[in-house]
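Subject: Structure handover

Hello,

Here is the structure for your work. My notes on it come after the model.

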Amino acid sequence: MAKLKVGVLISGRGSNMASLVRAAWDEDYPAEIACVISNVASAPGVKIARDAGIATAVISHGDYPDRETFDRAVSAELEKHHVRLVALAGFMRIQSPWFPAHWKDRIINIHPSLLPYHPGANAYKQAFEAGVRVSGCTAHFVTEQLDQGPVILQDVFHIRVGEDTLDEVKERGKALEGKVLSQAVQLFLNEQLVVTDTKVLFRPGRLPA
Ligand code: GRF
């Protein structure tokens, strides 16, 4: 099958990026990971991508005078690789309004909570400290409003409040993130999603397994 090009933005470990790379090894998966861009030179994910034979680029945000100039440099790199969809896989950089406007409905982020609960940084810690008994992760389209774009997919895990440690909570969540992100990317590239202003609908008869 003809694969469509996906660009992945990372800042750290790259476990979600690696899940996408593994998914894309399957010939029936609609994506080819065309490039991995990190804003952090030392991000372990850069080496993982390079070792997997994927084009990588480090674009350090510190080298740019403001968010938009940095975002335009990232965007130029994505366009160089003819990217159809951008996946934010642990990209820890708040973007300027220019970026989601330029890539409207073509950026998917994986967030480690059941949005709209626990947006922003340290979401597993937020859930842990709030004492909630169910948390999860969310793949959503990126808009100008941080962590508020239309939700594509979510999955959940349970927390044994008072028994589980924060590390156990993080581990349980991380085990779900890569799968949720890969499924959301697959649904998008297979044109199974319809995006409205606030919601994502699945095309009738083509629900995810
Ligand atoms: C993940 O928890 C992701 O949900 C969040 O940042 C973390 C990145 O992990 N946005 P990794 O770099 O993909 O391992």
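Predicted model: local features only at pLDDT ≥ 70, side-chain atom pairs only at ≥ 80, totals over all residues.

Residues are numbered from 1 along each chain as its sequence is written, and side-chain values use heavy atoms, with hydrogens and water left out.

Sheet. Helices (H or I, at least four residues) and strands (E, at least two) are DSSP runs, numbered from the N terminus; two strands pair if DSSP finds at least two bridges between them. The model has an open sheet of 7 strands with mixed pairing, in the order β3-β2-β1-β4-β5-β6-β7. Strands β3 (56-58) and β7 (151-158) each have a single partner strand and stand at the edges, so one side of each is left without a neighbour in the sheet. On average, neighbouring strands of this sheet are turned by 20° against each other, direction ignored; axes are lines fitted to C-alpha atoms, for helices over the stretch in contact, and angles run from 0 to 180 degrees between N-to-C directions. Strand β1 (residues 4-10) pairs with β4 (residues 85-88) in the parallel sense over 4 bridges, and Val-8 has Ala-87 in β4 as its bridge partner. Helix α2 (residues 44-51) lies across β1, β2 (31-38) and β3, at about 155° to β3 (contact means heavy atoms within 4.5 Å).

Ligand. The residues around the ligand (a heavy atom within 4 Å) include Gly-12, Arg-13, Ser-15, Ile-110, Lys-174 and Glu-177. Polar contacts are pairs of N or O atoms within 3.5 Å. A polar side-chain atom of Ser-15 lies 2.5 Å from a ligand oxygen atom, one of Lys-174 lies 2.8 Å from a ligand oxygen atom, and a backbone N or O atom of Ile-110 lies 3.4 Å from a ligand oxygen atom. The protein covers 87% of the 370 Å² of accessible area that the ligand has on its own (Shrake-Rupley method, 1.4 Å probe).

Aromatic pairs. Rings of Phe, Tyr and Trp (its six-membered ring) pair if their centres lie within 6.5 Å; planes under 30 degrees apart count as stacked, over 60 as edge-to-face and the rest as tilted. The count comes to 6 aromatic pairs. The rings of Phe-141 and Phe-188 have centres 6.0 Å apart and planes at 65°, so this pair is edge-to-face.

Backbone. A cis peptide bond joins Leu-115 and Pro-116, with omega about 10°. Asp-147, a residue other than glycine, has a positive phi near 60°.

Regards

Key. Polar contact = N/O pair within 3.5 Å; in protein donor to acceptor, adjacent residues only side chain to side chain.
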